[in-house]
Amino acid sequence: MVSSGQIEFPGFAPEVPDLARYRWILANLSGGKDSQAMLVELMRHARAAGVVDRIVVVHADLGDAEWEGTAELAAEHAAFYGLRFEVVARTGSGLIDRIEERGMFPSADNRWCTSDFKRGPVRRLMTRLVREAEAEGHPGRVHILNVMGLRADESPARRRLLSFAHDSAYTCPCSYCAPRRAIADDHKARDLPVPKHAKTGWGASNTLRHVDTWLPVHTWSTSDVWAAVRPSGLRIHPAYAAGMPRLSCVFCVLASRSALVRAAQLQPALAARYAALEERIGHRFQADRSMADIIKEAEASPPIAAVACWQG
Ligand code: SF4
């Protein structure tokens, strides 16, 4: 996942990064349509650059919170192109049990689900890949390109992301991060607030790895995505045909009312589990919407053929 460490390369915003610069190209695959389109696009460029063997497909497993068969589908997508496939997951309880442990659902302002279940486990894989490269005799820091299927159209937060950026961090010694750190250290030493332009963020880079992020389909519309996915030969998850606009957790805390209602019609047992959890922890699924209300609406509504909107 994209971290808060995104910094722009000054005067340098290539549409397609130089893939041959990276020892590893990490393709984050959820099994959903956007990451499928990302993979199609990545393969096109990786073949042209002759670096297909550097791609590792990673799926962050959310356990029983996600649509059935997504991990298997992501594995199938990787196998379709003959790519190495890795599943990563949080150590410890799954997302639903973790909500119970914390006594709260995640939210747009506190998306601990993403950091705990996606970003953290993917970073652990990066550590493993660095060790592999070192064992093979790779000299110096290991360059990793983290590739995701995020799109600007999905949300205002995603619109603000850069399609290609360095995943900066305080400990990263690169020529982008080191000067920022020097300014930040100087301000801290003088008890002054660190200026925005000197902040390095909390990215995935460190002394051993240089991580950049690339969002190949960032500017794509939903139609662009389907136009790439449909002829690709990659199987599409059945939740789309059942009316869902996105594939993520079955019940995503960021989803629209209509998407949640449709999900509750398709997965009533899981909806009931969330409603019981709400009851036990005394915290609503969304600030203005409880799962109990969603279930009531799902039961009272005719089957929804297609949900157009994810947000709202
Ligand atoms: S799909 Fe939604 S609820 Fe699930 S991890 Fe992502 S943001 Fe959190």
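I call two residues in contact if their C-beta atoms, placed from the backbone, lie within 7 Å. With that rule I looked at the protein chain: among contacts between residues at least 6 apart in sequence, 78% join residues at least 24 apart.

Housekeeping. This is a predicted model, so I note that local features need pLDDT of at least 70, side-chain atom pairs count only at pLDDT 80 or more, and totals for chains, interfaces and linings use all residues. Residues are numbered from 1 along each chain as its sequence is written.

Overall build. I find 11 helices and 7 strands in the protein chain (DSSP runs numbered from the N terminus, H or I of at least four residues for helices, E of at least two for strands). The C-alpha trace spans about 60 × 50 × 35 Å along its principal axes. I also checked burial: 38% of the 312 residues count as buried (20 or more other C-beta atoms within 10 Å of the residue's own; 12 or fewer is exposed, in between is partly exposed; C-beta atoms placed from the backbone).

Domains. The assignment gives domain 1 (6-214) and domain 2 (240-300), with bounds from an automatic or database domain assignment. Their centres, taken over C-alpha atoms, are 28 Å apart. Across the boundary, 19 residues of domain 1 are in contact with 15 residues of domain 2. Helix H3 (residues 95-102) supplies the largest share of the domain 1 side, 4 residues.

Core. Which residues touch the most other members of the largest nonpolar core? I get Ile25, Ala27, Val147 and Phe251, out of 75 residues (a core being buried Ala, Val, Leu, Ile, Met, Phe, Trp, Tyr and Cys residues joined through C-beta atoms within 7 Å). Helix H1 (residues 33-49) gives the most to this core, 6 residues. Both domain 1 (6-214) and domain 2 (240-300) contribute residues, so this core lies between them. I followed up on Ile25: beyond its neighbours within four places in sequence, its contacts are Leu19, Ala46, Val51, Arg54, Ile55, Leu145 and Val147.

Ligand. Around the ligand I list Leu62, Pro106, Arg111, Cys113, Thr114, Phe117, Ser248, Cys249, Cys252, Val253 and Leu254 (C-beta atom, placed from the backbone, within 6 Å of the ligand). The ligand also lies between the domains, because domain 1 (6-214) and domain 2 (240-300) both give residues to its shell.

Last stop, Phe164. I place Phe164 in strand S6 (residues 164-167). Phe164 counts as buried because it has 20 C-beta neighbours inside 10 Å. Its C-alpha atom is 6.4 Å from that of Leu215, 51 residues apart along the chain.
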